[in-house]
Each structure stands twice: as structure tokens, then as C-alpha cells.
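Let's take a friendly look at the charged side chains in this model and how they pair up. Here it is.

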Amino acid sequence: MTTDHVEPAVPGGECEREPGPSDSLRTFGAVVQALREHAGLSRTEFGELVRFSKHTVASVELGRRMPDESFVERAEDALGNTGALRKSAQFLTRGEAGLAAWFRRWARLERVAVSLCTYECRLVPGLLQSEGYVRAVFDNSVPPLSDEQLEAQVAARLERQRMLIERPNVPFSFIVEEHVFRRQLGGTEVRRGLVDHVLALTAPRNVTVQLMLMDTESHGCLDGPLQLLETPERRRLAYSEGQQNGRLISDPKEVSLLYQRYDTLRSQALNPKDSRGLLERLRGET
């Protein structure tokens, strides 16, 4: 297997321990925090006024979450309508907080890809995870994350999911092992919320999920998780990730092989309609 065109793995991951906020997000967050403190409000009190959780408020103030329009408008109303937040929000750019160094290039490619395929056998893919499930994943980090680090990871993971909604003409395909949804990670309520979240995200025509049944006798992708995408220039790329490492694969022969494996797996997995039916049954079992 050739690796001439493979991007080198570097420490840090989709779950990097020390994410770096973008300058614009950090500045905006500092302004929100200063205005909130000047108004004598705690994060919990301010969160109630703007109808966001204190965790979201913390993530915005730390520059690790892109505030949506409703947050900006409600924050303006709660903090005196100075216009500072509306004006500064126009210059916000998404950073890569909470993303591993080795994952950042792939994350940038995801945002412009014309198609994206994902196979997972360990966890529900990050693009489909509910907030409760995301928190359960990072709560299990070894060594443990600080509260600040955990919030950065959660914010980055949820931010990536926006592309499923914002890009309705891009086909997103997910193949996930059945046992992943049967695992009680985070407990019964988290699992139920996860299934509801996946069913909602995969309702649009461009997003499909297929389950690989536990009793399937054939399997075309036993070498582990896999992601594939096609760029606007119609170039095909692949990405694989393991323990504390990841690599972007661009060698045409290797990428072609991985596409063959994914196509085989797609034919072996439960079709999208029956997969949704199984997820609904799994939800009923919780």
C-alpha cells in the first residue's frame, strides 16, 4: 500500500486537547463577557435571558462557538442595545476550535465537498451525534478534559453538523454498525435522544443512514472506520483515523480501493428505509 501522497499524522485529533479559537470569535466573546459582567449577570442568568444554556454562553465567551443570529439579537436586547454585538458579528469567521491538528485539513475539505461518505464501527459518526451523546463521548476522555476543553470539543462537534442542514444539495451517506446504536453510552435518555437526533438529521433526501446488521455474514470493510469525499474539482480523497492519529489519503490507487470497499459495504448494509425502521424500533426498546 503506497503512502507517497498521504498527509502525515500529527498529534492532536478531532478531539484536540488545546484548541485555538479564531481571533474574531475570541474578540466577540470577550465583548459579550465584558457587557454581561458590566450588567451584573452570571452566565446562568444571562443564558436565561437569551434562551441559551450557560454552556453555550461559556463557549461563545471563550471564542469557541459561532453565535447564531438569534443569540446576537437576544444578547443585544439583554445588554443595552449598544449595537456593538450586531456590528462585530458581521466580521466573525469560523475558527477550528476543538479540532485536532490532524483532522483540520479534512474538516476544511468537508465544508466544500460535493459528496461525503462515512463508515463507522466505533461510535456514531460525529456529524450525526446529539449533544447529549457528544458530551458522553468527551466525558469518557482519558485523561479527563477540563470543563473548558470539554465545551470546546462539544461546540466544534455540533458546529460541524450545520453543513447537513446548510448544504441540502450535497449527498451525505453514512454506514454505521448496528451495535454502535445498541451501546448504552451515556445511559438510556442519551441513547433515546441520539436516535431521535439521527432520525431527524437523516430525514432529508440528501442524507442517508444504513445500518450494518450484527448477524451479517459478509463485510467489505473490516479494516476500520473510513471517510470519503469528492471535491468541487471532482477529485476523490479519503481519511482514516485511529488512536491518537489520522491521515488524509490522496493516492488515486488507494482511494479507488477504499471506494470499492465502501460500495461493497453499501450493498451489504440494510437499505436506508429499513435502517430507519430499525432505529425507530431501537428507540422503542429504550
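E254 is buried, with a relative accessible area of 4% (buried means under 20% relative accessible area, exposed over 50%, and partly exposed in between, using a 1.4 Å probe and protein chains only). Its side chain forms a salt bridge with that of R247, at 2.9 Å from N to O (a salt bridge is a side-chain nitrogen of Lys or Arg within 4 Å of a carboxyl oxygen of Asp or Glu). R247 counts as partly exposed, at 23% relative accessibility.

## Two bridges at R162

R162 is partly exposed, with a relative accessible area of 28%. The R162 side chain meets that of E159 in a salt bridge of 3.5 Å, N to O, and the R162 side chain also meets that of E166 in a salt bridge of 3.2 Å, N to O.

How far apart are R162 and E166 along helix α9? They are four residues apart in helix α9 (residues 162-166), so about one helical turn separates them (helices are DSSP runs of H or I, at least four residues, numbered from the N terminus). E166 is partly exposed too, at 47% relative accessibility.

## The whole count and the ground rules

Searching the whole structure gives 18 salt bridges. Side chains of opposite charge can pair when their charged atoms come close.

This is a predicted model, where local features need pLDDT of at least 70 and side-chain atom pairs count only at pLDDT 80 or more, while totals for chains, interfaces and linings use all residues. Residues are numbered from 1 along each chain as its sequence is written, and side-chain values use heavy atoms, with hydrogens and water left out.

Methods: Helices (H or I, at least four residues) and strands (E, at least two) are DSSP runs, numbered from the N terminus.
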